[in-house]
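Hi there,

Here is the structure I promised to pass on to you. Have a look at it first, and then read on for what turned up.

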Amino acid sequence: MKSRDERLGMDRQISRRDFLNGVGVAIGASLVPACARDAGPTEETIAPNYYPPSETGMRGAHAGSFETAHAAVQGKHWKGGKTGEHYDLVVVGAGISGLAAAYIYRRDVNPNARILLLDNHDDFGGHAKRNEFDMDGQLYVAYGGTMLMDAPKGYPAVAYDVIREIGIDVDRYSEAPHREFLRSVGAGPATFFDKETFGEDFLVAGGLWYSDGMSEAPLSPQAREELERLTADEEDYLAGMTAAERHAIVESHSWRDYLEKYAGMGDEVLTFVQKWPHGVWAIGADALPAWMAWQEGYPGFAGMDLDDTGTGDEEHPGRNFYFPDGNASIARLLVRKLVPSVAPGNSMADIVSARFDYSSLDEAQNQTRIRLNSTVVDLRHRDGQLDRDVDVTYVKGDEARIVTAGKVVWAGYHAMLPHICPDVPKQQALAQSSSVRAPLVYINVLIRNWQSMAKLGVQRAYCPGSHFHTVMISHQASLDDYEPSLSPDDPVVLHMQYIPLEPGLPAAEQFRAGRRALLETSFETIERRVREQLGRMLGPGGFDPDRDIAGITVNRWPHGYAYSVDADSGDVAWWPEVWQHKRRPWVDARQTIGNIVIAGTDASSNAMTESAIEEAHRAVQEILWIS
Ligand SMILES: Cc1cc2nc3c(=O)[nH]c(=O)nc-3n(C[C@H](O)[C@H](O)[C@H](O)COP(=O)(O)OP(=O)(O)OC[C@H]3O[C@@H](n4cnc5c(N)ncnc54)[C@H](O)[C@@H]3O)c2cc1C
C-alpha cells in the first residue's frame, strides 16, 4: 500500500529534488561565478550556463542570500581587500528601485557614468522575481514576487516616464482575452472550505464571497444568513450616527472587531473574512483597521458616507497591467537598457521570452555592471568626511572586497543601514529602525493540465481556512512571443499564496513572528502542504498531485511589503497618503547622508512599483543637488 507521502507524490523526481530544505546542493562550481583578482579592476567571470530564473525549489530569499546580511546586523565585521575599482555611482540593491536609480542617473546626471549595482541575491529584480519552468522544451514563466502594475496610467509622472522610456505601452497588451477564454470554458472564482476549519472539504464555484452554491456549504444556517447579508452589503450598521461618530468607530476598530460588534457577524463569518486582506495587505482582518477595509471597498460599510481621506480608487484610475512574469519584465527591461549585451531585442514584445546572458552582467568593459551574490556589509565616507568618496565593502562567497564610489544610492532596507554605515546620524537611525517588513510567500506550481479546474469551474479560489489562502491560474497576457495556455489539456502555472502571521498580536509583531516562522519552514514542508491542498481541492475534478504536478518553486519573502511603525501609537502606519499631516518617520529616514542618497520603497513606506521608481527618481535628484 502506498504511504500518504507517496500518494501525494513527495517521492516524485521534479526539479526541486535538487534542493534540500532550500539549500541548493546542485549548484556546483559551474554555476558559481568565479573571480580572478589582481590590482586592477575586478574581472568577474560568470559561467555561460548561469541562469537563476530556471532554478526551482526555495527561491526568493534563497539559501546563501541573507545569512551575511543577518550576521552584519548582528555585529559581524569584515576586513575587505580593495579591488581597485572606482565608480561614479554604486547602487546597493538591484531591485526595481536600484535599477531605476541607475537608469535615471545615466539619463539625468551623466550618460557616461561608470556604475556598479550590488545585490545579495543570485538574480536581479529584488521582489520582482522571475520564475521559469521548462517542460518538453516549452517555456512557462511566472511571477515569484511583484505581480502587476497597479493601474499604471495613474502612476506618478516620473514613474510613468520611466516605464514608457524602457518600452512599455500599457495599452498594447492585456490579459482580458485570457480571462475571456477562461470564462468561456467555465473557469471562474470559487471558494474552498476545508475540513479542519469548517468540518468538511467543500468547493463552491461561482464566487469568492456568498454565491448560490453556498446553500450547501459547511456553514450553520445563521452563518449563511450573515455571509449573504455581508456580501449583499446593503445595510448601514452605524445608522443614526454622525460623521464624527462613524469616523471614531472605523478608526478605532479592526475590520474584524467592527464586523463583530456593529455588523453582528459570528465566529464562522469572522473566520471566513480573516484572510481576505492577506493578498493585498499581508495582514488579517484582526489587525487591519476598519477604515482601511472601508477604503479598500471591503463589505460592511454601506451608507457610510464618510469624508474621503484621499486614498480611494480615484487615485488609481484604469486597468492593471500584468506581464506573465509580473514586474520582473520591468526589471529585465531596465537591465537590458543598462547592459545592452545581456539580451537581444528592443521592445516589450520580445522581453518575456528573451533568454538573458548573465555572463555579460559584470564584464569589465560595461559602463554599468551588475554584481550578484554580493552583500554590502559596510558603507563609510573616507576618513569620516561626508564630502569625500565612499568605501563600499561587500561580501561575495567568503571574501570581503572594497570598491570606492563618488556617490551611493542605498536601495536596500532602511532597518539595515544604521548597522553597516557609521555615518548615519543617530536621529535618522532611529527613524530608519521604524521600518518594518511584512513576510509573504508566493508559490508557483507547474501542472501538466488544468482539466480538473475547468471541470470544477475554478480559475481562482479563496480558501479562508486553508494554509494557502489563494490558489489561481496565474495571470497571463499573450505577448508577441509568448502565448498563454489556451486549452485545459495544456500545462499551466498555478499561483498560490500564504502569509505567515500570528493573529492576535499587533501587526508589526505578527510580521516579525511570521518572518521567524518562515525561515524555519523547510521546502519539504511547504511542498507537502501544496500537494495536500491541491489534492483536496481539485481531486473531485480528477486532479492527482502525484501525477499532475511537474514543478514547484517557493518564493519566500521574509522582508516583503514595506511598512513603517508610528512611534506614538505603536501601530503600523498603514496608508502613507493619509499621514501627510502626521509624523512620517520614513521621510526622516531617507535624508541624504553626505554622498549617500536613499531610494527603495522603505523611503515612502509604500510597497508599490511606482514608489520604488519615484523614490529612485527623488534620490537621483538629491544627487544633483549635492553635486
Ligand atoms: C510577494 C510580493 C508581491 C508584490 N507584488 C506587488 C505588485 O503586484 N505590484 C506592486 O507594485 N508591488 C508589489 N510588491 C511590492 C514590491 O516591493 C515593489 O513593487 C518593488 O518591487 C520594490 O522594489 P525595491 O527595489 O524598492 O525593493 P526590493 O525589490 O526589495 O529590492 C531591494 C534589493 O536590495 C537588496 N539588498 C538589500 N540590502 C542589501 C545589501 N546590504 N547588499 C546588497 N543588496 C541588498 C535586496 O535583497 C533586494 O534584492 C510586492 C512585494 C512582494 C514581496
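A quick definition before we start: a residue is called buried when its relative accessible area is under 20%, and exposed when that value is over 50%. Please also keep in mind that this is a predicted model.

Let me begin with helix H8, which spans residues 243-252. Ala 244, Glu 251 and Ser 252 are exposed on one side of H8, while Arg 246, His 247, Ile 249 and Val 250 are buried.

The structure holds 19 aromatic pairs. One of them joins Trp 255 and Tyr 298 in a tilted arrangement, 5.0 Å centre to centre with 40° between the planes. Trp 255 belongs to helix H9 (residues 255-261) and Tyr 298 to the loop between helix H12 (290-295) and helix H13 (328-338), so this pair ties together parts that are 43 residues apart in sequence. Both Trp 255 and Tyr 298 are buried.

Tyr 258 and Phe 301 form a stacked pair, at 4.7 Å centre to centre and 15° between the planes. Tyr 258 is in H9 and Phe 301 in the loop between H12 and H13, so here too the pair ties together parts 43 residues apart in sequence. Tyr 258 has a relative accessible area of 0% and is buried; Phe 301, at 6% relative accessibility, also counts as buried.

Elsewhere, ring pairs link Phe 193, Phe 198, Trp 209, Phe 272, Trp 276 and Tyr 462 into a cluster. Two arginines sit over rings as well: Arg 332 lies over the face of Phe 356, 4.2 Å from the ring centre, and the charged end of Arg 355 is over the ring of Tyr 51, 3.7 Å from its centre.

Finally, the ligand. There are 35 residues around the ligand, and Asp 119, Asn 120, His 127, Leu 148 and Thr 609 come nearest. An oxygen atom of the ligand is 2.7 Å from an N or O atom in the side chain of His 127. Polar backbone atoms feature too: a ligand oxygen is 2.9 Å from one in Ser 97, and a ligand oxygen is 2.9 Å from one in Met 147.

Methods: Residues numbered from 1 in each chain as written. Predicted model: local features only at pLDDT ≥ 70, side-chain atom pairs only at ≥ 80, totals over all residues. Heavy atoms only, no water. Phe/Tyr/Trp six-rings, centres within 6.5 Å; stacked < 30°, edge-to-face > 60°. Helix = DSSP H or I, 4+ residues; strand = E, 2+ residues; numbered from the N terminus. Buried < 20%, exposed > 50% of the residue type's maximum accessible area, 1.4 Å probe, protein only. Lys NZ or Arg CZ within 6 Å of the ring centre and 35° of its normal. Near = heavy atom within 4 Å. Polar contact = N/O pair within 3.5 Å; in protein donor to acceptor, adjacent residues only side chain to side chain.
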